[in-house]
Amino acid sequence: MTSSKDSPSRLRTVRSFVRRAGRLTSSQQRALQELWPAFGVEFGDEPLRFDALFGRSAPVVLEIGFGNGETLVQQAAENPGLDFLGVEVHEPGVGHGLLKARDAGIRNLRVICHDAVEVIDAMIPPASLSRVNLYFPDPWPKKRHHKRRIIQPRFLEAVAERLSSGGSLHIATDWENYAEHIEVAVRESGRFECVERRVHAGDEALDRPRTKFERRGLRHGHQIRDWRFVRIDISSMGLASSEL
Ligand SMILES: C[S@@+](CC[C@H](N)C(=O)[O-])C[C@H]1O[C@@H](n2cnc3c(N)ncnc32)[C@H](O)[C@@H]1O
């Protein structure tokens with residue numbers, strides 16, 4: 001079901017994850033086999049046609065690194081008018097998410113088990129997403145590992161290109177140092193406007209359910225930070241300035 005191998009043409013040296021030997025439970029293993037045809041999408045080089053994929057035309061939300069998929073499934077169940085695409089590299093998490101999706105009886109969800117950076121580059125058409133969710137990305141706290149953080153200039157540029165006009169990027173983290181990195185990287189990208197920022201104790205999540213990693217951060221006494229960034233429409237900025 002999953003294309004866990006890296007395509008040679010896309011080999012990068014630094015990734016935001018390390019593949020852990022997946023310890024699949026038997027029910028996750030079965031879910032990956034039996035539920036993959038209903039929810040799974042293979043990694044490939046062709047841009048997706050969302051209308052064909054979901055069998056209708058609706059705004060599409062991308063969640064990057066959905067972990068065990070509980071938040072993703074909950075959001076899909078609560079928003080039947082939206083279509084959700086989740087991308088996660090960790091097979092047991094994908095298996096768990098598939099079981100949750102089956103139990104929820106939802107149809108507005110598809111998942112890809114692959115590196116989200118490559119998925120965005122190869123499979124997400126320009127200006128096709130209404131929202132991108134990135135909840136508690138791996139913080140890579142050691143300085144020598146900061147280059148592994150998924151939020152990098154090239155990533156932000158790629159996300160901005162895939163968001164439709166007015167589309168938003170939602171990020172949450174419980175790591176103070178990563179929060180500083182996020183603020184700087186997003187500001188320096190010049191592609192997003194911060195329309196909402198919250199610092200809280202897990203009680204003011206910004207338009208999302210509480211996640212598994214958020215619960216873990218809270219157990220460690222961490223504060224939570226949430227942002228909603230909206231894509232700046234560069235073409236209309238150009239128009240506006242040329243009209244001055
Ligand atoms: C700290 S966990 C957070 C999981 C979940 N969002 C939550 O809040 O509970 C980060 C997740 O991102 C996944 N991940 C990291 N880099 C990724 C990438 N490039 N593409 C897809 N998933 C990735 C990891 O496998 C992991 O499950």
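The model is a predicted one, in which local features need pLDDT of at least 70, side-chain atom pairs count only at pLDDT 80 or more, and totals for chains, interfaces and linings use all residues. Residue numbers start from 1 along each chain as its sequence is written.

Thr71 belongs to helix α4 (residues 70–78); helices (H or I, at least four residues) and strands (E, at least two) are DSSP runs, numbered from the N terminus. Thr71 counts as buried because it has 25 C-beta neighbours inside 10 Å. The term buried applies when 20 or more other C-beta atoms lie within 10 Å of the residue's own, exposed when 12 or fewer do, and partly exposed in between, with C-beta atoms placed from the backbone. Besides Thr71, the buried residues of α4 are Leu72, Val73, Gln75 and Ala76. The cover over the buried residues of α4 includes β1 (60–64), β2 (83–87), α5 (91–104), β3 and β4. Between Thr71 and Ile232 the C-alpha to C-alpha distance is 27 Å, with a separation of 161 residues in sequence.

Arg208 is partly exposed, because 16 other C-beta atoms lie within 10 Å. Apart from neighbours within four places in sequence, the contacts of Arg208 are Thr71, Gln75, Asn133, Tyr135 and His170. Arg208 and Glu70 lie 138 residues apart in sequence, while their C-alpha atoms are 11 Å apart in space. Asp207 also occurs in the loop between β6 and α9. Asp207 has 12 C-beta neighbours inside 10 Å and is therefore classed as exposed. Its phi is positive, at about 55°, although Asp207 is not a glycine. A positive phi of about 50° is likewise found at Ala127, which is not a glycine. Ala127 is part of the loop between α6 and β4 and, because 13 other C-beta atoms lie within 10 Å, is partly exposed. Most residues other than glycine have a negative phi.

Seven strands form an open sheet with mixed pairing, in the order β3-β2-β1-β4-β5-β7-β6; two strands are taken to pair if DSSP finds at least two bridges between them. At the edges stand β3 (109–112) and β6 (192–200), each of which pairs on one side only. Neighbouring strands of the sheet are turned against each other by 15° on average, direction ignored, the axes being lines fitted to C-alpha atoms (for helices over the stretch in contact) and angles running from 0 to 180 degrees between N-to-C directions. Strands β4 (residues 129–135) and β5 (residues 163–173) run parallel and are joined by six bridges.

The largest nonpolar core has 54 residues, of which Leu62, Leu109, Val119, Val132, Val159 and Leu169 touch the most other members. Such a core is a set of buried Ala, Val, Leu, Ile, Met, Phe, Trp, Tyr and Cys residues joined through C-beta atoms within 7 Å. When neighbours within four places in sequence are left aside, Leu169 is in contact with Val132, Val159, Leu163, Phe192 and Phe229. Val119 is also one of the buried residues of α6, together with Ala116, Val117, Glu118 and Met123. The elements covering the buried residues of α6 include β1, β2, β3 and α7 (153–162).

Around the ligand stand 23 residues, of which Gly65, Gly67, Ala116, Thr211 and Phe213 come nearest; a residue is near a molecule or strand if its C-beta atom, placed from the backbone, lies within 6 Å of it. Two or more residues of this shell come from each of α6 (116–123) and α9 (212–219). Helix α9 gives the most, with three residues. By class, the shell comprises twelve nonpolar, six polar and five charged residues. Here Ala, Val, Leu, Ile, Met, Phe, Trp, Tyr, Cys and Pro count as nonpolar, Asp, Glu, Lys and Arg as charged, and the others, Gly among them, as polar.

Key: Contact = placed C-beta atoms within 7 Å.
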